[in-house]
Amino acid sequence: MAENSPNLPNFLLSVRLKYVKLGYHYLISNAIYLLIMPILVAMLLHLSTLTIEDLMNHFAMLKSCSTLVVFLATVYFMSRPRNVYLVNFSCYKPHERFMMSKQLMIENMSNIFDEESLMFQKKILERSGLGDKTYIPIDTIPFKYTFSSYLNEAEEEIFGAIDDLLAKTRVKIGDIRIIIVNSSLFNPSPSLSSMIVNHYKLGVNVITYNLGGMGCSAGLISVDLANRLLQGQANTYALVVSAEIVSSAFYRGKQRSRLLPNCLFRMGSSAILLSNRSSDRPRSKYQLMHVVRTHKGADDRAYRCAYIDEDENGKRSVSLSKDLMAVAGEALKTNITTLGPLVLPMSEQLLFFASLIARKVFKRKMKPYIPDFKMAFEHFCIHAGGRAVLDELQKNLDLPKFLMEPSRMTLYRFGNTSSSSIWYNLAYSEAKGRIKKGDRVWQIGFGSGFKCNSVVWRALRTIDAAKEKNPWTDEIQDFPVHRSHLDA
């Protein structure tokens, strides 16, 4: 999602009780699996204290207990969720020939736009938070994109990310049974997922999905879909590819609300390998803990705030409403209110719940207690949609500069790569050597529809930066850049 308005609503100042209840519903639904095991252990410990004579004298009770133990054990092992592991992931780093500074981009667009539109885009670029080494999918000037160029960009990004991932994991692509691709703006026929099947000559039994039109949060939706599919198939690999073919979104008209994507969106893609094989746990980086999805599409204002249509001259493009930031704030408020009961420590939940009851039930006039999400996560991977969005999220979540650093540096170095940006964020933290065993990672993205989605991971091992190879590796010593560079 791209930024549109400089102000994000303070979504933590008002909380709806139904979303808190939804979070506790998720918690209670999964608690049954945690309760069954202690009951089984307690029963077995009690039986172990009985003598042979006691067992003979209480044969009927023993038979009943044995039946109950078998029943509970069956319920537990048949109904518990399968653990899903993130074996590894890859972020695509475009070739240097695609690198373009802000000034060069303005110069290249000078023959396309009138002076007013050009100056508007220059102003946006100067305040965008993007640096001068982002990537534009262009080999010829000026920006003459065709359907063939869209396909070329798709192949460049998608195959580049997948090849790097396969080299990292040493998994044969023929062993992957599930493939999910998300691309919001470019959806050819055959689909991008079919393009992967054809390129790698995969078998007829591979299950493929292609998610389109779901915006910058589609990557997390793909993770959720993969998780649901993996629950029904044992010993399976799932490949999730997130790519945005930004050349297909380039707008050559005059409407300012449609010119914003030209300034913010850049080349980028990611590929992640998920597994439910217990044998993959030792080598995997993370375990999937929670997925919380929020969809505000029932509201007309939210539904149309990021919309693809045509301008008055018939030029198709993404249209961003002035309500975009307000809608994003509402979606984010709903999402984190639902997420809170799943991740916040009990001390924070008690304080938050007491404040909520005092205000909602007893009508006390008091400031709401704002939960400290820094107590729930060590790492924040916030979609790098734009500088103003990151500024407002930092203020509302009360996050220090250090925790916002991965998102800001991703925006500066790679721009808004849409749904893949959260993986560039995580790659940054890995390259810095900050991921330790047991750390919790919060990925959050939002996009058209309107949707806001959260995914929580737990690090299974400490990531050794010296052994990592990702887009940041060769230049991580140059980051973070000073704030003055971001303002340039």
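This is a predicted model: local features need pLDDT of at least 70, side-chain atom pairs count only at pLDDT 80 or more; totals for chains, interfaces and linings use all residues.
**Figure 1**
Leaving aside residues up to four places away in sequence, Glu 430 touches Phe 89, Lys 285, Tyr 286, Ile 435, Ile 463, Ala 465, Glu 468 and Asn 470. The setting for this view is a protein chain with 16 helices and 13 strands, in which buried residues make up 55% of the 488 residues. Among the contacts in the chain between residues at least 6 apart in sequence, 82% join residues at least 24 apart.

**Figure 1. The crossing of helices H6 and H7.**
Helix H6, which covers residues 147–169, and helix H7, which covers residues 192–200, have axes that come within 11 Å and cross at roughly 60°. The two helices are therefore oblique to each other, and their crossing is right-handed. On the side of H6 the contact is made by Ala 154, Glu 155, Ile 158, Phe 159, Ile 162, Asp 163 and Leu 166, while H7 contributes Leu 192, Met 195, Ile 196, His 199 and Tyr 200. Sorted by kind, the residues of this contact are nine nonpolar, one polar and two charged. As a general point for reading such a view, an α-helix has 3.6 residues a turn, so residues three or four places apart point the same way.

Phe 450 is found in the loop between strand E12 (440–447) and strand E13 (451–459). Pro 480 has its place in the loop between E13 and helix H16 (483–487).

**Figure 2. Positive phi at Arg 170 and Ser 418.**
Most residues other than glycine have a negative phi. At Arg 170, however, phi is near 60°, a positive value in a residue other than glycine, and at Ser 418 phi is near 65°, again positive. Arg 170 lies in the loop between H6 and strand E4 (176–182), and Ser 418 lies in the loop between helix H14 (401–414) and helix H15 (421–431). Is Arg 170 buried or exposed? With a relative accessible area of 77%, Arg 170 is exposed, whereas Ser 418, with a relative accessible area of 1%, is buried.

**Figure 3. Helix H13 and the residue that follows it.**
Nine of the 11 residues of helix H13 (residues 387–397) are buried, so this helix is largely enclosed by the rest of the structure. The buried residues of H13 are Arg 387, Ala 388, Val 389, Leu 390, Glu 392, Leu 393, Gln 394, Asn 396 and Leu 397. After H13 comes Asp 398, whose phi is positive, near 55°.

**Figure 4. Ser 247 in the loop between strand E6 and helix H9.**
Ser 247 has its place in the loop between strand E6 (237–243) and helix H9 (256–264), and it is buried, with a relative accessible area of 3%. Which residues does Ser 247 touch, not counting residues up to four places away in sequence? They are Pro 137, Tyr 145, Ser 149, Tyr 150 and Glu 153. The C-alpha atoms of Ser 247 and Met 267, which are 20 residues apart along the chain, are separated by 8.6 Å.

**Figure 5. Glu 348 of helix H12, shown together with Pro 371.**
Glu 348 has its place in helix H12 (residues 346–360), and it is buried, with a relative accessible area of 5%. Glu 348 and Pro 371 are 23 residues apart in sequence, and in space they are 5.9 Å apart, C-alpha to C-alpha.

**Figure 6. Cys 305 and Cys 452, two buried cysteines.**
A disulfide is a covalent bond between the sulfur atoms of two cysteines. How many disulfides does a search of the whole structure find? The search finds zero. Cys 305 is buried, with a relative accessible area of 0%, and Cys 452 is buried as well, with a relative accessible area of 1%.

Key: Residues are numbered from 1 along each chain as its sequence is written. Side-chain values use heavy atoms; hydrogens and water are left out. Axes are lines fitted to C-alpha atoms, for helices over the stretch in contact, and angles run from 0 to 180 degrees between N-to-C directions. Helices (H or I, at least four residues) and strands (E, at least two) are DSSP runs, numbered from the N terminus. Angles under 35 degrees count as roughly parallel, over 145 as roughly antiparallel, 65 to 115 as roughly perpendicular and the rest as oblique. A crossing is left-handed if the near helix is turned anticlockwise from the far one by less than a right angle, and right-handed if clockwise. Contact means heavy atoms within 4.5 Å. Ala, Val, Leu, Ile, Met, Phe, Trp, Tyr, Cys and Pro count as nonpolar, Asp, Glu, Lys and Arg as charged, and the others, Gly among them, as polar. Buried means under 20% relative accessible area, exposed over 50%, partly exposed in between (1.4 Å probe, protein chains only). A disulfide is a pair of cysteine sulfur atoms within 2.5 Å.
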